[in-house]
Amino acid sequence: MTHKIEHIGIAVNNLEESGSLFSKLLGVLPYKQEAVAGERVNTLFFMVGETKIELLEATSPDSVIAKFIEKKGEGIHHLAFEVTDIHAEMKRMEAEGFRLLNTTPKNGADNKLVCFLHPKDTNGVLVELCMEKPSDM
Ligand code: ZN
């Protein structure tokens, strides 16, 4: 079961510029900056109530974020739903006919295991399932 929007991912050209823009907008400073080497992105996180805003900047032209911006420009990139058991939820989604973009959960930013669904199956919205990484991993 998905139980809340954990974060909203926003693709940006320049993490520093957008970081200060979102600081002004939200009235808070980011609480974390983190590179996700596997995805070739730098991320910057803000807390808004119970939901996070994740700014994503490409670190390489072949990053999915670079390709997204090239096609659509900067903007909302994905919605991330928090799930209690990502393996069970991935099975459930598959059984419901959604295509998963990764068949095993992968490491995301902010100590998460993540899985993305094919946006063609979700009205063009890239959906991320995420779960706090168990402490024994
Ligand atoms: Zn995300």
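## The cap on helix α1

Asn14 caps the N-terminal end of helix α1. One of its side-chain oxygens lies 3.0 Å from the backbone nitrogen of Glu16. That is a polar contact (a pair of N or O atoms within 3.5 Å; within protein, one must be able to donate a hydrogen and the other to accept it, and residues adjacent in sequence count only if both atoms are side-chain atoms).

This is a predicted model: local features need pLDDT of at least 70, side-chain atom pairs count only at pLDDT 80 or more, and totals for chains, interfaces and linings use all residues. Residues are numbered from 1 along each chain as its sequence is written, and side-chain values use heavy atoms, without hydrogens and water.

Helix α1 covers residues 15-26, twelve residues in total. Helices (H or I, at least four residues) and strands (E, at least two) are DSSP runs, numbered from the N terminus. From first C-alpha to last, α1 reaches 16 Å, close to the 16 Å expected at 1.5 Å a residue. The expected span is 1.5 Å times one less than the number of residues. Just after α1, Gly27 takes a positive phi of about 75°.

Which residues of α1 are buried? They are Leu15, Ser18, Gly19, Phe22 and Ser23. Buried means under 20% relative accessible area, exposed over 50%, and partly exposed in between (1.4 Å probe, protein chains only). Seen down the axis, the buried residues of α1 fall within an arc of 145°, so they line one face of the helix. The arc is that of the directions from the helix axis to the C-beta atoms. An α-helix has 3.6 residues a turn, so residues three or four places apart point the same way. The face turned away from the buried side of α1 carries exposed Glu16, Glu17, Leu21, Lys24 and Leu25.

The buried residues of α1 pack against strands β1, β2, β3 and β4.

## The zinc site

Four residues coordinate the zinc ion at 2.1 to 2.4 Å: His7 (NE2), Glu54 (OE), His78 (NE2) and Glu128 (OE). Donors are N, O and S atoms within 2.8 Å of the metal (3.2 Å for Na, K and Ca); water is not among the atoms, so sites may look incomplete. In sequence, the donor residues are spaced H-x46-E-x23-H-x49-E. His7 in strand β1 and His78 in strand β5 are 71 residues apart, so this pair links distant parts of the chain. His7 is buried, at 3% relative accessible area. His78 is buried at 3% too.

## His77

His77 sits in strand β5. At 11% relative accessibility, His77 is buried.

Conventions:
Contact means heavy atoms within 4.5 Å.
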